[in-house]
Amino acid sequence: MEYRHVHFIASPSSQAQSAVRTMLRRYGQTELEQADVIVALGGDGFMLRTLHRLLSAELPVYGMKLGNVGFLMNRYRETHLLERLAKANVVELAPLCMLSVTEGGGETRALAINEVSLLRQLNQAAHIRILVNGQVKVEELVCDGVLVATAAGSTAYNLSAHGPILPLGTEALALTPISPFRPRRWRGAVLPSSVRIRFEVLDCYKRPVSATADAQEVRNVISVDVHQEKTVRLKLMFDPDHSLEDRILDEQFL
C-alpha cells in the first residue's frame, strides 16, 4: 500500500526536533485530518504517548528512533521514507482496558498498550485478592504489586518482574506478581486474552495501592478490573527487517 499523505510528530528532545524539521523540508506536512499515516520521531515512551493521544485518528503509526533502535521504533533515515512506508508491515494490537475504583468512589477508565500494574504506595506490602472470570484464584497476594501485560508489553515491565515473554499473535496475557512474598510458590500465570481479571485491594487504608495503565496513574484504588479491549485496534508499522515479532522472539535468547 502506498502512503503519500504523512503527518509528522516529534518528541520535545533537540535531536527529534532537528530531525522533524529536516523531514518536513523534504516531505512536507499533511494535516492530521487528511493524513493516511503518522510518522513519530522519538523513543518508545514517545511512541506510547503518541498512540494514546492520537487513538481517535485511527491511523497507522510508523516510528523512527534517533540513536539506538527502540523496541517499537524503526531506524531513523532521512531518505526513501515513502518507499519504506510502502514496504512496511502493519501490526495490529488490542490494548488492555482498565477500570479502577478509588476509596472515594471515583472511577477511571484507561487503555494500556503495554501493561496495567498495581503498586504499593507506602513502605508496607500490598495485600491483593485476584479473581479471574469471577472466580478467586489468589485469595491474598502479599507483594509490592502485580501486573497484566499484553504480548507487546511482555518484554517491558513484565520481563523485569520475571514474567514470561509472549510471542506476538498469541491470544494470551501475562499475569505477573511484583516481588511476591506470599503465596511463596506462585510466580504468575499465562491467561487467555478473553479473560476478565479483577484485583481487590485488601486493607486499603493501611496498605494503599496505585494502579497504572501505561503512564496514567490512579492512586488509592480499592478495585481494578482489566480486560483486553478487542474493539480497539492500534496499527504499528515496521520495516520488514525490523519486525516486532522477530524482536519479541529474539528477547528470549538474550
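**Backbone features, salt bridges and packing in a predicted model**

Asn133 is placed in the loop between β9 and β10, where helices (H or I, at least four residues) and strands (E, at least two) are DSSP runs numbered from the N terminus. The structure is a predicted model, in which local features need pLDDT of at least 70 and side-chain atom pairs count only at pLDDT 80 or more, while totals for chains, interfaces and linings use all residues. Residues are numbered from 1 along each chain as its sequence is written, and side-chain values use heavy atoms, with hydrogens and water left out.

Most residues other than glycine have a negative phi, and most peptide bonds are trans. Asn133, which is not glycine, has a positive phi near 50°. Asp203 is likewise not a glycine and has a positive phi of about 55°. Asp203 belongs to the loop between β14 and β15 (209-213). With a relative accessible area of 43%, Asp203 is partly exposed; buried means under 20% relative accessible area, exposed over 50%, and partly exposed in between (1.4 Å probe, protein chains only). The peptide bond that joins Arg182 and Pro183 is cis, with omega about -5°. Pro183 is located in the loop between β12 (172-178) and β13 (189-192).

Side chains of opposite charge can pair when their charged atoms come close. The whole structure contains 12 salt bridges, a salt bridge being a side-chain nitrogen of Lys or Arg within 4 Å of a carboxyl oxygen of Asp or Glu. In the salt bridge between Arg129 and Glu139, the closest N and O atoms are 2.9 Å apart. Because Arg129 lies in strand β9 (residues 126-132) and Glu139 in strand β10 (residues 135-143), this pair ties together parts that are 10 residues apart in sequence. Glu139 is partly exposed, at a relative accessible area of 48%.

Arg129 also forms a salt bridge with Glu200, with the closest N and O atoms 3.0 Å apart. This pair links distant parts of the chain, since Glu200 is in strand β14 (residues 196-202) and Arg129 in strand β9, 71 residues apart. A salt bridge between Asp225 and Arg198 has its closest N and O atoms 2.7 Å apart. Asp225 lies in strand β17 (residues 221-228) and Arg198 in strand β14, so parts 27 residues apart in sequence are tied together by the pair. Both residues count as partly exposed, Asp225 at 26% relative accessibility and Arg198 at 28%.

A disulfide is a covalent bond between the sulfur atoms of two cysteines. The structure holds zero disulfides, with a disulfide taken as a pair of cysteine sulfur atoms within 2.5 Å. Cys143 is in no disulfide, and the nearest cysteine sulfur, that of Cys204, is 15 Å away. For Cys204, the closest cysteine sulfur is in Cys143, and the 15 Å separation is too far for a bond. Cys143 counts as buried at 1% relative accessibility, and Cys204 counts as buried at 10%.

The buried residues of α2 (44-53) are Phe46, Met47, Leu48, Thr50 and Leu51. These buried residues pack against β1 (6-10), β2, β3 (61-65) and β18. Thr30 is found in the loop between α1 (14-27) and β2 (37-41) and counts as buried at 16% relative accessibility. Apart from its neighbours within four places in sequence, Thr30 is in contact (heavy atoms within 4.5 Å) with His5, Val6, His7 and Ala35.

The structure holds one cavity of 30 Å³ or more. On a 1 Å grid over the protein atoms alone, a cavity is a set of points where a 1.4 Å probe fits but cannot get out, and lining residues have an atom within 4 Å of a point. Grid points are joined across faces, edges and corners, and a volume is the space filled by probe spheres set on the points. The largest cavity contains about 100 Å³ of space. Its lining consists of Thr50, Leu51, Leu54, Leu55, Glu58, Leu59, Val61, Arg233, Leu234 and Lys235. At least two residues of this lining are supplied by each of α2 and β18 (234-238). By class, the lining has six nonpolar, one polar and three charged residues, with Ala, Val, Leu, Ile, Met, Phe, Trp, Tyr, Cys and Pro counted as nonpolar, Asp, Glu, Lys and Arg as charged, and the others, Gly among them, as polar.

Methods. 1 Å grid on protein atoms, 1.4 Å probe; cavity = no way out; pocket = protein on both sides within 12 Å on 5 of 7 lines; lining within 4 Å.
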